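I opened this model to look through it piece by piece. These are my notes, in the order I made them.

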Amino acid sequence: MATIAGGAEMVRYNTVARTLHALIAVMVIFNLVTGIGGDALEEVWNPFPLHKGTGMVILLLSLVRLGWRFTWTMPEWPATMGNLQRLVAKVTHAVLYALMLIVPVTGWIMSSANSKYPISIWGLFEWPKLAVAKGSALAEAAHEGHEVLGFLMAGLVVLHIAAALHHHFVIKDNILRRMF
């Protein structure tokens with residue numbers, strides 16, 4: 001535990017939760033940038049092999065994070081948060097967790113159907129492809145879902161960051177500091 005102004009103790013997320021949050025956050029932001037802006041980047045650098053591998057790592061780390069989350073209790077919400085804010089935070093977190101699983105899975109389905117190349121995990125090993133036919137209803141739904149859900153995730157990530165900064169700089173509570 002750390003102390004905050006006035007000598008009060010600040011309850012923080014544990015080291016595993018903070019580490020998983022930081023790793024996944026960096027990878028999600030990287031994948032959102034390379035996914036949304038990937039076509040524009042292709043003239044300079046093809047980001048998609050790294051984007052795909054990072055997506056699979058996000059999927060694995062998110063499963064670990066969910067498993068950890070179900071075995072450990074998060075710190076209490078600060079008194080500065082009302083019931084509505086807590087509800088919005090809970091719903092936003094739940095949707096982000098769902099998207100950290102669904103977006104990589106839709107990308108995996110899409111890549112399995114549409115790419116003749118294996119999914120490389122950062123050049124270290126190959127991720128297995130799923131048996132999905134190119135042009136199938138599943139492949140098409142995964143493609144559309146990956147794109148739409150990626151934009152939804154980008155919006156929620158911006159909202160999540162804005163809320164954390166609002167708590168830190170405007171409300172001046174410990175929401176942001178308890179994750180670092």
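**Entry 1: L130 and its contacts**

I began with L130, which touches W108, I109 and S112, leaving out residues up to four places away in sequence. Contact here means heavy atoms within 4.5 Å. The model is predicted, so local features need pLDDT of at least 70, side-chain atom pairs count only at pLDDT 80 or more, and totals for chains, interfaces and linings use all residues. Residues are numbered from 1 along each chain as its sequence is written, and side-chain values use heavy atoms, with hydrogens and water left out.

I then looked up where L130 sits. L130 is in the loop between strand 4 and helix 5. Helices (H or I, at least four residues) and strands (E, at least two) are DSSP runs, numbered from the N terminus. L130 is partly exposed, at 30% relative accessibility. The cut-offs are under 20% relative accessible area for buried, over 50% for exposed, and partly exposed in between (1.4 Å probe, protein chains only). I also checked L130 against S112: they are 18 residues apart in sequence and 5.4 Å apart in space, C-alpha to C-alpha.

**Entry 2: W108**

Next I followed the contact from L130 to W108. W108 lies in helix 4 (residues 83–114). W108 has a relative accessible area of 17%, so I wrote it down as buried. Setting aside neighbours within four places in sequence, I found W108 in contact with M56, L59, I119, W127, P128, K129 and L130. W108 and A141 are 33 residues apart in sequence, and their C-alpha atoms are 12 Å apart in space.

I stayed in helix 4 for T92. T92 is buried, at 11% relative accessibility. A polar atom of the T92 side chain lies 2.8 Å from the backbone oxygen of V88. Beyond residues up to four places away in sequence, T92 touches L156 and L159.

Then I moved to N31 in helix 1 (residues 15–36). Is N31 buried or exposed? With a relative accessible area of 9%, N31 is buried. Not counting residues up to four places away in sequence, N31 touches L50, H51, T54, G55 and I58.

**Entry 3: positive phi**

Most residues other than glycine have a negative phi. I noted two residues with positive values. Phi of W122 is near 55 degrees. W122 is in the loop between strand 3 (119–121) and strand 4 (125–127). W122 is partly exposed, with a relative accessible area of 41%.

Phi of K172 is near 60 degrees. K172 is in the segment after helix 5 (137–171). K172 counts as exposed, at 62% relative accessibility.

**Entry 4: nonpolar cores**

A nonpolar core is a set of buried Ala, Val, Leu, Ile, Met, Phe, Trp, Tyr and Cys residues joined through side-chain atoms within 4.5 Å. Which residues touch the most other members of the largest core? They are V28 and M153, in a core of 24 residues. Helix 1, helix 3, helix 4, strand 3 and helix 5 each give two or more residues to this core. I listed what M153 touches, not counting residues up to four places away in sequence: V28, L32, L96, L99, M100 and V103. Apart from this core lies another, of 8 residues, including Y13, M74, A89 and I175.

**Entry 5: pockets**

I finished with the pockets. On a 1 Å grid over the protein atoms alone, a pocket is an open set of points where a 1.4 Å probe fits, with protein on both sides within 12 Å along at least five of seven lines; lining residues have an atom within 4 Å of a point. Grid points are joined across faces, edges and corners, and a volume is the space filled by probe spheres set on the points.

The largest pocket holds about 1,100 Å³ of space. Its lining has 42 residues, and H21, R65, H93, L96 and H160 lie nearest its centre. Helix 1, helix 3 (48–71), helix 4 and helix 5 are the elements that give two or more residues to this lining.

The second largest pocket has a volume of about 930 Å³. It is lined by 34 residues, with G35, F48, H51, M110 and H146 nearest its centre. Helix 4 gives the most to this lining, with 8 residues.

Notes:
A polar contact is a pair of N or O atoms within 3.5 Å; within protein, one must be able to donate a hydrogen and the other to accept it, and residues adjacent in sequence count only if both atoms are side-chain atoms.
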